[in-house]
Amino acid sequence: MKTCLVVDDSRVVRKVARRIVEDLGFKAEEAEDGVVAIEKCKESMPDAILLDWNMPNMTGIEFLRALRSESNGGTPIVIFCTTENEMSFIQEALQEGANEYIMKPFDSDIVQTKFEQTGLL
Amino acid sequence: MKINEQDFEVYRTFLYKDSGLSITFEKAYLLESRLSPVIKKLGLNDLDALTSKIKMNDAAAKNEVIEAMTTNETFFFRDTHPFERFEKVVLPKVLESKPAGSTIRIWCAACSSGQEPYSLSIILKENAAKFAGYNFEIKATDLSDDILDTARTGRYSQFEVQRGMPITLLVKYFTQDGANWLINDEIKSMVNFSKFNLLDSMATMGTFDIIFCRNVLIYFDAETKGKVLAEMHGHIAKHGSLFLGGAETVVGITDKFKPLPGERGLYVPYDATSV
């Protein structure tokens, strides 16, 4: 079973996202910030990461840089899922190696489409 | 607001005759919910007033009701698969059949708010080098004036662009306009929008190499579907292809088209030059 790490400082968003990715057939893991997320990735690299931008301790973009510099950190499909919907943020995310970008609010259809388009489904 | 069977029949008859939409009394709730905004928009007092206008053949009222009853569910690269087949199978096959310098004509019938024809434009633009030497015409039609106005502006909400538009293509072909996203002029200029009722004669439409008519026929009864498909057959090239929705078929409806083996939703003329 493929795994998806949901990284968001909001428990509610994590819960909603977890349910969506589980419905898509993924085993879900959660992390409340980038620091916890990078530790989880070092333990076991997930297939997909649903990633918030603004989080305490380590932001989403900082996490992405850290992830992509790991030896096998290039493999997970990283999909930002954030309220930062300015073009400049999207461009920065793509530059740093994000595969897709979801602008909150989101629903299960959007997540499913992004998973399909990135080859996760 | 409750509609009785007698009034329902007024709407059912006119909708079928004027737009091909086929509704049964079980769908009365849908009619009720969609007529309320029409009554308000036209400044009428109640359903009786609207029904009277329909009975009197009031063109504006009829147009509003048709627009209200039309489902405009669409999104960019909807279902993914047809667009992949368009790029990788159908279009290359058409190009093989036509000499360089030819114009490839594509028709999006019932294009709604434009996401389908713009998705095709983006594919053509992304593959410009591969398809060089040919001209492309994308004709996009719909029954609704309002929805065509929306399509022509090329302005989409965040929610709409997220439903199917890959982020790299969003960055490449859209500019942010407040809370909305505006498709760029080059992509917009590749699509020619116009009003067209699929029940009307297609005599002035010319011949198309590829027709997209997805998730439209499901709203028609079998007889109307057959008529529309027969008419389309007269306006598609022998080497052409017809895309229908994933849940639609020609089987049992018409013998003018046949399914392309192994390609769900893709059909070719029964007298196709090649398959």
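Two strands count as paired if DSSP finds at least two bridges between them. This is a predicted model: local features need pLDDT of at least 70, side-chain atom pairs count only at pLDDT 80 or more, and totals for chains, interfaces and linings use all residues. Residues are numbered from 1 along each chain as its sequence is written, chains are lettered from A and ligands numbered from 1 in the order in which they are written, and side-chain values use heavy atoms, with hydrogens and water left out.

**View 1. β8(B) and β10(B) pair in the antiparallel sense.**
The strands (E, at least two residues) and helices (H or I, at least four residues) are DSSP runs, numbered from the N terminus. β8(B) covers residues 236-244, and β10(B) covers residues 266-269. Two bridges link the strands. Phe243(B) faces Leu266(B) of β10(B). Helix α5(B), residues 81-97, packs on the sheet. The helix touches β1 (103-109), β2 (135-142), β7 (208-213), β8 and β10 of chain B (contact: heavy atoms within 4.5 Å). Its direction makes about 175° with that of β8(B) (axes are lines fitted to C-alpha atoms, for helices over the stretch in contact; angles run from 0 to 180 degrees between N-to-C directions).

**View 2. Chain B holds an open, mixed sheet of seven strands.**
The strand order is β6-β2-β1-β7-β8-β10-β9. β6 (191-195) and β9 (257-259) of chain B are the edge strands, each pairing on one side only. On average, neighbouring strands are turned by 25° against each other, direction ignored.

**View 3. A hairpin joins β9(B) and β10(B).**
The two strands pair in the antiparallel sense over three bridges. Lys258(B) has Val268(B) of β10(B) as its bridge partner. Six residues lie between the strands. In this hairpin Gly262(B) takes a positive phi near 80°.

**View 4. Chain A carries an open sheet of five strands in parallel pairing.**
The order runs β2-β1-β3-β4-β5. The edges are β2 (27-31) and β5 of chain A; each pairs on one side only. Neighbouring strands are turned by 20° against each other on average, direction ignored.

**View 5. Two helices pack against the chain A strands.**
β1(A), residues 3-7, pairs with β2(A) in the parallel sense over five bridges. Thr3(A) stands opposite Lys27(A) of β2(A). Helix α2(A), residues 34-43, lies across β1, β2 and β3 (48-51) of chain A. α2(A) runs at about 160° to β1(A). Helix α3(A), residues 60-69, touches β3 and β4 (77-82) of chain A. The direction of α3(A) makes about 175° with that of β4(A).

**View 6. Chain A meets chain B.**
The contact takes 20 residues from chain A and 16 residues from chain B. Together the chains bury about 1400 Å² (accessible area, 1.4 Å probe, that two parts lose on being put together, summed over both). Carbon and sulfur atoms account for 57% of this area.

α5(A) gives the largest share, six residues.
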